[in-house]
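Okay, thanks for making time, everyone.

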Amino acid sequence: LVGSNNRIRAIPENLGALKHLQVLQLNSNELCSIPETVGSLLDLVKIDVSNNTLKSLPKELGGLVGLKSLRYQGNRLWEWRFPKEVKVLLEMIKASSQDDEEIDVQQMTKGEKDNPKTKICSLQ
């Protein structure tokens, strides 16, 4: 499922019904959160939610043991605040990856935080 650069603000909860989905590419949108139902997409091998306004990742991502690539840079995320299930998943991806570029592990820099283009997620 490719929905990049479409100003998408929310992922529908029923995304979890797409049981055989292998790629979820929603980079460069306006996502504030990822629904917990993404954890039921056991066939996912790649998730790209980079360059959104995410503040957290759901712990349910930790159950996606077949995931090979998780890109999340350019959000309001700090790896040290991830749920332990997500931290374990990231370690598994890093350990199995032959190319360190397969996973983007970046913390938000002060410059990104102060950038007026970095949108703040509002719960409405």
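Helices here are DSSP runs of H or I with at least four residues, strands are runs of E with at least two, and both are numbered from the N terminus. What you're looking at is a predicted model, where local features need pLDDT of at least 70 and side-chain atom pairs count only at pLDDT 80 or more, while totals for chains, interfaces and linings use all residues. Numbering starts from 1 along each chain as its sequence is written, and side-chain values use heavy atoms, with hydrogens and water left out.

So, the inside. The largest nonpolar core has 25 residues; a core means buried Ala, Val, Leu, Ile, Met, Phe, Trp, Tyr and Cys joined through side-chain atoms within 4.5 Å. Buried is under 20% relative accessible area, exposed is over 50%, and partly exposed is in between, with a 1.4 Å probe and protein chains only. Among the residues with the most contacts inside this core are L24, V38 and L61.

Which residues does V38 touch, leaving out those up to four places away in sequence? They're L15, L24, L44, P58, L61 and L64, with contact meaning heavy atoms within 4.5 Å.

Now M92, which sits in helix α1. M92 counts as partly exposed because its relative accessibility is 37%.

Last, the backbone. R7 isn't glycine, yet its phi is positive, near 60°. R7 lies in the segment before β1 (23-25), and at 67% relative accessibility R7 counts as exposed. S28, in the loop between β1 and β2 (46-48), also has a positive phi, near 55°.
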